[in-house]
Amino acid sequence: MQGTIDGFNYGAVTPVAAYAMACLGSALGLRCTIRSLRSDSSWKPGWLALGAAAIGSGIWTMHFVAMMGFHVAETPVTYDLRQTVLSLVVAIVVVGVGVFVVGYRGATRTALLAAGLTTGLGVAAMHYIGMASMRMNGRLEYSPVAVTLSVLIAVAAATAALWAAVSVKGFLPSLGAALVMGVAVTGMHYTGMSGLTVRLHEAHGSQAPGGDAAVSIVLPMMIGPLAFLLLAAVVVMFDPDLVLGEGEWTASPAPAAPQNPAHDWPEGFGAAYPGAGDRPGGRAQQYPPQPGPPPVSY
């Protein structure tokens with residue numbers, strides 16, 4: 001018997017919130033990665049790690065915010081804590097691999113292909129590990145076409161994100177890249193979900209085997225990633241290099257215009273000491289200045 005699936009149990013609230021989380025994590029991760037490119041070697045790993053954690057936390061939070069709207073009419077859905085935590089660790093680690101590769105190797109073709117493939121497969125693995133953490137009176141079955149398409153979208157999205165992290169300059173362009181990445185990551189999630197069916201186990205009745213309800217496990221777990229994203233956002237807001245990027249404020253100061261030494265003296269004075277006329281542009285002048293001839297009346 002096939003279960004009745006509703007992926008939008010709360011209407012547009014969960015997909016919109018999931019998209020916002022994906023955009024936030026991507027935006028913070030991109031800015032931190034860009035910042036690492038202009039940091040010395042001692043700070044570079046820290047900025048890259050912060051960017052990887054921001055992107056990974058954003059993707060993981062996106063997934064489980066979207067899953068809050070997942071509902072099977074015939075059976076309650078619960079979650080296994082260990083697999084849920086594992087999906088978060090996988091998301092951060094695999095994104096970290098990709099971010100560190102492009103952070104140190106640059107946006108070369110080889111580095112992007114290797115990092116994008118690794119990160120994309122890791123993001124897809126996070127998605128399906130998170131799906132496997134669900135417990136219900138049934139088994140999950142996936143359409144091979146939907147799974148393949150979701151993995152391809154994940155790889156393409158990861159490659160584009162890593163390219164943008166080291167190539168897109170300026171705040172507004174990176175913000176636009178984060179919005180596009182949010183669409184890609186959220187689209188990957190719902191593409192995989194579109195091929196999902198639940199085959200019910202009739203012998204078990206309506207009781208879910210083990211696990212904890214989504215409200216009791218997923219919501220508390222989101223506090224950590226959300227708090228981290230908030231902290232990363234504070235770091236971004238208070239670092240002008242992250243916010244403004246490469247703007248006029250980072251440009252080298254224009255060289256000072258050459259000055260005429262003759263203008264070094266206050267108006268009405270020439271050289272205030274004997275020999276000023278020997279200076280280039282200086283004017284020999286009596287000190288104190290003597291009054292000139294009286295004006296001629298006509």
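Which residues make a nonpolar surface patch of about 370 Å²? The patch is made by Leu81, Val85, Val89, Val93 and Val97. Patches consist of residues with over 30% relative accessible area and no salt bridge, with like charges joined within 9 Å and nonpolar side chains (Val, Leu, Ile, Met, Phe, Trp, Tyr) within 5 Å. Accessible areas come from the Shrake-Rupley method with a 1.4 Å probe, and for residues only the protein chains shown count as cover. The model is predicted: local features need pLDDT of at least 70, side-chain atom pairs count only at pLDDT 80 or more, and totals for chains, interfaces and linings use all residues. Residues are numbered from 1 along each chain as its sequence is written, and side-chain values use heavy atoms, with hydrogens and water left out.

Within the patch, Val93 is placed in helix H3 (residues 81-105). Helices (H or I, at least four residues) and strands (E, at least two) are DSSP runs numbered from the N terminus. Val93 counts as partly exposed because its relative accessibility is 47%; buried means under 20%, exposed over 50%, and partly exposed in between (1.4 Å probe, protein chains only).

The structure holds two salt bridges, each defined by a side-chain nitrogen of Lys or Arg within 4 Å of a carboxyl oxygen of Asp or Glu. Glu141 meets Arg139 at 2.8 Å, N to O. Glu141 also bridges to Arg199, where the closest N and O atoms are 3.6 Å apart. This second pair links distant parts of the chain, with Glu141 in strand E5 (residues 138-142) and Arg199 in strand E6 (residues 196-200), 58 residues apart. Relative accessible area is 24% for Glu141, 42% for Arg139 and 28% for Arg199.

One cavity of 30 Å³ or more was found, and the largest cavity has a volume of about 150 Å³. A cavity is a set of points, on a 1 Å grid over the protein atoms alone, where a 1.4 Å probe fits but cannot get out; lining residues have an atom within 4 Å of a point. Grid points are joined across faces, edges and corners, and the volume is the space filled by probe spheres set on the points. The lining has 17 residues, of which Ile55, Ile59, Ala158, Ala161 and Met181 lie nearest the centre. Two or more residues each come from helix H2 (44-67), H3, helix H4 (109-132), helix H5 (144-167) and helix H6 (171-194). H5 gives the largest share, six residues. By class, the lining has 15 nonpolar, two polar and no charged residues; Ala, Val, Leu, Ile, Met, Phe, Trp, Tyr, Cys and Pro count as nonpolar, Asp, Glu, Lys and Arg as charged, and the others, Gly among them, as polar.

Methods:
1 Å grid on protein atoms, 1.4 Å probe; cavity = no way out; pocket = protein on both sides within 12 Å on 5 of 7 lines; lining within 4 Å.
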